[in-house]
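Let's take a walk through this model, one piece at a time. Have the sequence and the 3D view open as you read.

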Amino acid sequence: MNNARFKNVRFKIAALVGGSVLLTLFIILIILQVVFGRQTEKRARDSVDAYISGSVLNSDHQYEPTMIELSGGFDNLDETLSYYSKQEQRIIKWCKNNDSPEAKRVRLNSRTYYVGSRTFENDAVSSFITSLVGDDVLNFISTEIFPLDELDKGVTVIAYVDVTAELVTIKKMSIFFLIAALIIGMIGSVEGYMIGRRLERSRLAEKQFFENTSHELKTPLTSIRGYAEGIERGVITDYKKTGQVITKETEKMSRLIEEILLSARLDSGAMQLHKETLDLNEFVEECLMPMEGAVLSRNLNVELSLSPCRVSADPDRLEQAITNLITNALKYAKSRLSITLEYGQLRMQNDCEYISDSDLSHLFDRFYTGENGNTGIGLALAKEIILLHGWKITAGRTSDGIEFVIDIR
């Protein structure tokens, strides 16, 4: 696996995520535009058809069409056309030139209408007016206003609905939705780019980690092989010392392999905690006890201030986490290690070399190789186990070293 295989991964993921989001939203936009447009068209068409067909009283129409009644049809338009608005004049002229017994979509002077017209002979006028206004109003018109039988040339009825505002609203909604889709698509692309970049870094870090792990495994193997060959050739006679070295190197390999396997279990989600009630103060002392030899050999000053504290935790996993933290603290301590447990916080502080901001921010990264070499996976595993318990862990610089804080509250 080389760096070339990781090249442009972030751009591919950005294009995939952003493109998928944009395409999905664009399809939704088209569907909504078609649905709203067809609903508007259907409501307007049905309303106009209901009025010009004379079935308006039985119609559950959504729009209230504007009505134009031309006594005598289109024959005397020259005399009566001036009484109508310019908008209605355009509609009347269109109806005169176009036979439209059913509603049709018409574009006139930048406005959109659904228009329908129908001419009723005088014997059908009464039925049509009845359908519009009812019998009582019809009788009033015939008696008080003018006799309907005088309409010997019939009546041309024009009904129209202006849907310009609805179509403009749909258009504005489409533009707004398209802009929103573009913005969300861009955000998706940026997020995809960031995911790709993290993936690239993760893969490169993983590659570096396995290289370092291979080196760490190879080192004790080389040592064991050297001593074995020395015994075989008879050049090594201090078998007790040789056995101690081989045992130490074997334990080192076993510990590293165990951490790698545990790391894999955490990644797969197969890690299950078996919690018990523990006295954390006593538990920390027990974890520190096997390291007494290392403390004495390096002449380190260990200060303990552990208040009674009971927690629910998996003893095996918690032991591994605390042991990793103590081991790391002892490894880099110059002269002292302080462990404090109070107010629901376990603090481990040691004096060590200055840690840069970069190394501090990546201290719990499993595959991070810092300025002082490979950090291994001990601290990363400790953090993951702590988080698995539902607790928190942080690391920060002190005046002369570093402090790890486990918050169990």
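Start at helix 12, residues 378–388, where helices are DSSP runs of H or I with at least four residues, strands are E runs of at least two, and both are numbered from the N terminus. Gly378, Leu379, Ala380, Leu381, Ala382, Ile385 and Ile386 are buried here, meaning under 20% relative accessible area with a 1.4 Å probe, protein chains only. After this helix comes Gly390, with a positive phi near 85°.

A word on ground rules: this is a predicted model, so local features need pLDDT of at least 70 and side-chain atom pairs count only at pLDDT 80 or more, while totals for chains, interfaces and linings use all residues. Numbering runs from 1 along each chain as its sequence is written, and side-chain values use heavy atoms, with hydrogens and water left out.

Now look at helix 8 (residues 280–288), which buries Leu280, Asn281, Phe283, Val284, Cys287 and Leu288. They sit on the same side of helix 8 because they cover an arc of only 160° around the axis, taken from the directions from the helix axis to the C-beta atoms.

Leu280 turns up again in the largest nonpolar core, which has 46 residues; such a core is a set of buried Ala, Val, Leu, Ile, Met, Phe, Trp, Tyr and Cys residues joined through side-chain atoms within 4.5 Å. Leu280, Leu318, Ile322, Ile326 and Ile339 touch the most other members. Helix 10 gives the most to this core, seven residues. Apart from it lies another core of 15 residues, including Leu70 and Tyr113.

Conventions. Buried means under 20% relative accessible area, exposed over 50%, partly exposed in between (1.4 Å probe, protein chains only).
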